[in-house]
Amino acid sequence: MTDDVIDDRALVARAAGGSDAAYRELYRAYARPVYWMAFGLVGNAPDAEDVVQETFVVAWRKIPSLRLEGSSLLPWLATVCRLQAQNRLRARRRHGAHDALDDEIPSAVDVEAQVVQAQTVSAILAAVSHLGELDREIFRLCAAEGYGYAAAAATLGVSHGTVRNRLSRIRSRMRATAMETETP
């Protein structure tokens with residue numbers, strides 16, 4: 001990750017042009033949020049992982065013709081994820097696993113919540129871009145890529161305690177940023 005906030009429009013354009021690196025960068029940026037949306041919709045980890053995979057397969061196929069309206073790819077991915085989750089739940093129901101799962105998926109997307117979420121993500125990314133280089137790398141490794149304290153410390157050549165303490169302070173700052181953005 002660079003010092004700049006992720007530019008989804010540029011990444012989408014590069015991915016549409018056939019750049020595997022741009023597509024990988026989009027995947028790394030959004031796989032976790034898409035997973036948690038999918039998990040919330042389907043209710044279990046194996047199905048959520050399948051929905052994430054199906055969402056990004058659809059994205060890979062449709063990205064050449066995608067015209068990104070906003071600055072973030074996440075709302076579009078959330079819609080694709082929701083549709084893939086519905087397909088997964090219908091297939092599960094057809095196979096007799098559950099009868100009323102379609103009722104669990106909301107019939108409409110809360111646009112206001114998506115806008116607030118997108119603004120919060122943008123504010124957090126902006127706040128991360130203002131961190132020092134070591135803090136940005138700690139945040140990237142631990143929060144974005146899922147490294148444990150020891151693995152991040154070994155990668156960065158610092159102590160376990162340094163990673164733990166700095167990450168705690170970074171998370172506090174990011175929570176404060178998120179709360180400022182979400183409060184009217």
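From the N terminus on, the elements of the chain run α-α-α-α-α-α-α-α. The model is predicted, so local features need pLDDT of at least 70 and side-chain atom pairs count only at pLDDT 80 or more, while totals for chains, interfaces and linings use all residues. Residues are numbered from 1 along each chain as its sequence is written, and side-chain values use heavy atoms, with hydrogens and water left out.

**Exercise 1. Describe the chain as a whole: its elements, burial, contacts and surface.**

Step 1. The chain holds eight helices and zero strands; helices (H or I, at least four residues) and strands (E, at least two) are DSSP runs, numbered from the N terminus.

Step 2. Of the 184 residues in the chain, 32% are buried. Buried means under 20% relative accessible area, exposed over 50%, and partly exposed in between (1.4 Å probe, protein chains only).

Step 3. Among contacts with a separation of 6 or more, 60% come from residues 24 or more positions apart; a contact means heavy atoms within 4.5 Å.

Step 4. The accessible surface of the chain is about 10,700 Å², and carbon and sulfur atoms account for 52% of this area. Accessible areas come from the Shrake-Rupley method with a 1.4 Å probe; for residues, only the protein chains shown count as cover.

**Exercise 2. Characterise the packing of helix α1 with helix α2.**

Step 1. Helix α1 (residues 8–16) packs with helix α2 (residues 20–42) at an angle of about 135°, and their axes are 8 Å apart. Axes are lines fitted to C-alpha atoms, for helices over the stretch in contact, and angles run from 0 to 180 degrees between N-to-C directions.

Step 2. This angle makes α1 oblique to α2. Angles under 35 degrees count as roughly parallel, over 145 as roughly antiparallel, 65 to 115 as roughly perpendicular and the rest as oblique.

Step 3. From α1, D8, L11, V12, R14 and A15 meet A22, Y23, E25, L26 and Y30 of α2. The residues of this contact comprise seven nonpolar, no polar and three charged. Ala, Val, Leu, Ile, Met, Phe, Trp, Tyr, Cys and Pro count as nonpolar, Asp, Glu, Lys and Arg as charged, and the others, Gly among them, as polar.

**Exercise 3. Trace the salt-bridge network that includes R88.**

Step 1. The whole structure contains six salt bridges, each being a side-chain nitrogen of Lys or Arg within 4 Å of a carboxyl oxygen of Asp or Glu.

Step 2. R88 pairs with D50, with 3.3 Å between the closest N and O atoms. This bridge joins distant parts of the chain, as R88 lies in helix α4 (residues 74–94) and D50 in helix α3 (residues 45–62), 38 residues apart.

Step 3. R88 also forms a salt bridge with E54 (2.5 Å, N to O). Here too distant parts are linked, E54 in helix α3 and R88 in helix α4 being 34 residues apart.

Step 4. D50 is partly exposed at 28% relative accessible area, and E54 is partly exposed at 25%.

Step 5. D47, which lies in helix α3, is buried at 13%. Not counting residues up to four places away in sequence, D47 touches V42, R88 and R92.

Step 6. The complete network links D47, D50, E54, R88 and R92.
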